[in-house]
Amino acid sequence: MEQKKTETDKTYWHPAFFADIQIELAEDVTGKYPKTLIRHLREERHYSLKKTEPGIYLVQGDFLPIQIIVTRKLSKQKNLWLKSLTNKLDTASAQNLIADYLAHPQNKLYQSVITTIMRANQKIFQEVNSMDDIVMEIVQEKFDRKLKEAVDREVKKKVEIATEEVTQKVTQQVTQKVTQQVTKQVTQKTKLMDLIALIQKKCIKNKPLSVIADELEAEPNELLPVYNIVFQNPGKSVDELYKMATK
């Protein structure tokens, strides 16, 4: 495991958290463990074992790191929380756990472990006066966390819906505006090209501007710019005349 043991985070109680395989042995009334297990590992599996501290044995020889933990032999001072992972907790240990937990109320590791230990030792914790306060604190923390998660989900959902609605509205507005602009441009171009074509045909018939204006029911001054372009460029196509007229 890649979790690091620090002085300020005592939930990583001992080196066992660096092992890939961890074997924990609770108190055994027969007294055969871990002697029998250690003998098997040494004689049958030919592993070497090293006692790193009271209750913790490092097993070497396998391709994965292995440690054996004998909880009843662990130091209460160094391994309070690990030693407390039992259903046979005593009152003094329960009080020490509560005191240590209250010193780290925001640490999620402490919260998760204290909940597990309390469930396994309900009778002992009921005898400790601080039990009710801790239960209420844990319940409130879980409620607050669940409430925040629910609120965050709802806010995210509403934001996504609002964003989608705004996006659709903006898209519709932009599409409508662009459509109007393009339609206007195309209409203007079509009208101008039609006018150029009509004037061109009439110029081919040598009709003067006054006659053309009269036939098109327009004022001569309105047609004069286009008429001059068409009249001065008799060999040009309608497209070429349009480009000249819109320069």
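**Note on the predicted model**

1. A search of the whole structure, which is a predicted model, turns up 1 aromatic pair. The partners are Y227 and F231, and their rings are stacked, with 5.6 Å from centre to centre and 15° between the planes. The word "stacked" applies because planes under 30 degrees apart are counted that way. In general, a pair of aromatic rings is described by two values, the distance of the centres and the angle of the planes.

2. Where do Y227 and F231 lie? Both belong to helix α8, residues 220–232, and they are 4 residues apart, about one turn of the helix. Is Y227 buried or exposed? Y227 has a relative accessibility of 11%, so it counts as buried. F231 has a relative accessibility of 53%, so it counts as exposed. The stacked pair therefore joins a buried residue, Y227, to an exposed one, F231.

3. I212 sits in helix α7, residues 209–215. Leaving aside residues up to four places away in sequence, I212 touches I199, K202, C203, K207, L223 and Y227. I212 has 0% relative accessibility, and it counts as buried because the limit for that class is under 20%. I212 and L198 are 14 residues apart in sequence, and their C-alpha atoms are 9.0 Å apart in space.

4. The loop between α7 and α8 holds E217. Its phi is near 55°, a positive value in a residue other than glycine. E217 counts as exposed, since its relative accessibility is 75%.

5. H46 is another residue with positive phi: the angle is about 60°, although H46 is not a glycine. H46 is located in the loop between α1 (35–43) and β2 (48–53). With a relative accessible area of 65%, H46 is exposed.

6. K236 lies in the loop between α8 and α9, the latter being residues 238–245. Its relative accessible area is 36%, which makes K236 partly exposed. Not counting residues up to four places away in sequence, K236 touches Q200, L241 and M244. Of these, Q200 is 36 residues from K236 in sequence and 9.6 Å from K236 in space, C-alpha to C-alpha.

7. Helices α3 (residues 91–102) and α4 (residues 108–120) have axes that come within 11 Å and cross at roughly 160°. This angle makes α3 roughly antiparallel to α4, because angles over 145 degrees fall in that class. The crossing of α3 past α4 is left-handed.

8. Which residues make the contact of α3 with α4? From α3 come L97, D100 and Y101, and from α4 come Y110, Q111, I114 and I117. Sorted by type, the residues of this contact are 5 nonpolar, 1 polar and 1 charged.

9. For the chain as a whole, the secondary structure amounts to 9 helices and 4 strands. What order do the elements follow from the N terminus on? They run β-α-β-β-β-α-α-α-α-α-α-α-α.

10. Two totals complete the picture. The chain has 247 residues, and 30% of them count as buried. Among contacts between residues at least 6 apart in sequence, 49% join residues at least 24 apart.

Definitions and conventions. Residues are numbered from 1 along each chain as its sequence is written. This is a predicted model: local features need pLDDT of at least 70, side-chain atom pairs count only at pLDDT 80 or more; totals for chains, interfaces and linings use all residues. Side-chain values use heavy atoms; hydrogens and water are left out. Rings of Phe, Tyr and Trp (its six-membered ring) pair if their centres lie within 6.5 Å; planes under 30 degrees apart count as stacked, over 60 as edge-to-face and the rest as tilted. Helices (H or I, at least four residues) and strands (E, at least two) are DSSP runs, numbered from the N terminus. Buried means under 20% relative accessible area, exposed over 50%, partly exposed in between (1.4 Å probe, protein chains only). Axes are lines fitted to C-alpha atoms, for helices over the stretch in contact, and angles run from 0 to 180 degrees between N-to-C directions. Angles under 35 degrees count as roughly parallel, over 145 as roughly antiparallel, 65 to 115 as roughly perpendicular and the rest as oblique. A crossing is left-handed if the near helix is turned anticlockwise from the far one by less than a right angle, and right-handed if clockwise. Contact means heavy atoms within 4.5 Å. Ala, Val, Leu, Ile, Met, Phe, Trp, Tyr, Cys and Pro count as nonpolar, Asp, Glu, Lys and Arg as charged, and the others, Gly among them, as polar.
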